[in-house]
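This report describes a single protein model. The sequence and the structure come before the text.

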Amino acid sequence: MRILTEAECREAMQNGGFDLPELAGTAALILTQSWCPQWKAMKDYLPEAEKSLPGLKIIYIEYDLATFFDEFMNFKETTYENREIPYVRYYKDGKYSSCSNYVSLEGFLHRLTG
């Protein structure tokens, strides 16, 4: 797992989306806020998800902790038309495949493999 950088987030806001090398394989991009109970539950199981699915890349941002909070929240809610957190975008074979909000570990893995 790795945290998105400010530069990556600003580039996404400018370009209308993320263009990250990790998204070329099997990946999950998570946009969330640190206080969210569902995010805390997901964050607890993500190491197991990485063990269960070799090669899985998980990239995330807890944007309420960022200096660009309001700007990023507006980008996320407008661009992806989703006001809930955590917001997860799934990529399979380098292509966007689906999105969700909170899901169980089984649901998370299913979205990446099913």
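## Basis of the values

The model is predicted; local features need pLDDT of at least 70, side-chain atom pairs count only at pLDDT 80 or more, and totals for chains, interfaces and linings use all residues. Residues are numbered from 1 along each chain as its sequence is written, and side-chain values use heavy atoms, with hydrogens and water left out.

## Overall fold

The protein contains four helices and five strands, where helices (H or I, at least four residues) and strands (E, at least two) are DSSP runs numbered from the N terminus. Their order from the N terminus is β-α-β-α-β-α-β-β-α. The C-alpha trace spans about 35 × 30 × 20 Å along its principal axes. The radius of gyration is 13 Å, which agrees with the value near 13 Å for a compact globule of 114 residues; it is taken over C-alpha atoms, and the globule rule is 2.2 Å times the number of residues to the power 0.38.

Of the 114 residues, 47% count as buried. Buried means under 20% relative accessible area, exposed over 50%, and partly exposed in between (1.4 Å probe, protein chains only). The protein exposes about 6,000 Å², of which carbon and sulfur atoms supply 49%; accessible areas come from the Shrake-Rupley method with a 1.4 Å probe, and for residues only the protein chains shown count as cover. Among contacts (heavy atoms within 4.5 Å) with a separation of 6 or more, 63% are between residues 24 or more positions apart.

## Helix α1

Helix α1 spans residues 6-15, and its buried residues are Glu8, Cys9, Ala12 and Met13. These lie on the same side of α1 because they cover an arc of only 135 degrees around the axis, the arc being that of the directions from the helix axis to the C-beta atoms. Ala7, Gln14 and Asn15 are exposed on the other side of α1.

The buried residues of α1 pack against β1 (2-3), β3 (57-62) and α3 (69-79).

## Salt bridges

Side chains of opposite charge can pair when their charged atoms come close. The structure holds six salt bridges, each defined as a side-chain nitrogen of Lys or Arg within 4 Å of a carboxyl oxygen of Asp or Glu. Arg2, Glu8 and Glu22 are linked in a network of such bridges. Within helix α1, Arg10 and Glu6 are four residues apart, which separates them by about one helical turn, and their side chains form a salt bridge (2.8 Å, N to O). Glu6 is partly exposed, with a relative accessible area of 40%.

Glu62 and Lys43 form a salt bridge in which the closest N and O atoms are 3.3 Å apart. Glu62 lies in strand β3 and Lys43 in helix α2 (residues 37-52), so the pair ties together parts that are 19 residues apart in sequence. Glu62 is buried at 15% relative accessible area, and Lys43 is partly exposed at 29%. Arg83 and Glu77 also form a salt bridge (2.8 Å, N to O); Arg83 is exposed at 67% relative accessible area, whereas Glu77 is buried at 17%.

## Nonpolar core

In soluble globular proteins, nonpolar side chains tend to be buried together. A nonpolar core here is a set of buried Ala, Val, Leu, Ile, Met, Phe, Trp, Tyr and Cys residues joined through side-chain atoms within 4.5 Å. The largest one has 40 residues, and Leu4, Phe18, Leu23, Leu29, Leu31, Phe72 and Phe108 touch the most other members. At least two residues of this core come from each of α1, β2 (27-32), α2, β3, α3, β4 (87-92) and α4 (105-113).

Not counting residues up to four places away in sequence, Phe72 touches Cys9, Met13, Phe18, Leu31, Ile61 and Tyr63.

## Two individual residues

Thr32 lies in strand β2 and is buried, with a relative accessible area of 0%. Apart from neighbours within four places in sequence, Thr32 is in contact with Trp39, Ile61, Glu62, Tyr63, Asp64, Ile85 and Pro86.

Arg10, in helix α1, is partly exposed at 32% relative accessibility. With neighbours within four places in sequence set aside, Arg10 is in contact with Thr67, Phe68 and Glu71. Arg10 and Tyr87 are 77 residues apart in sequence and 18 Å apart in space, C-alpha to C-alpha.
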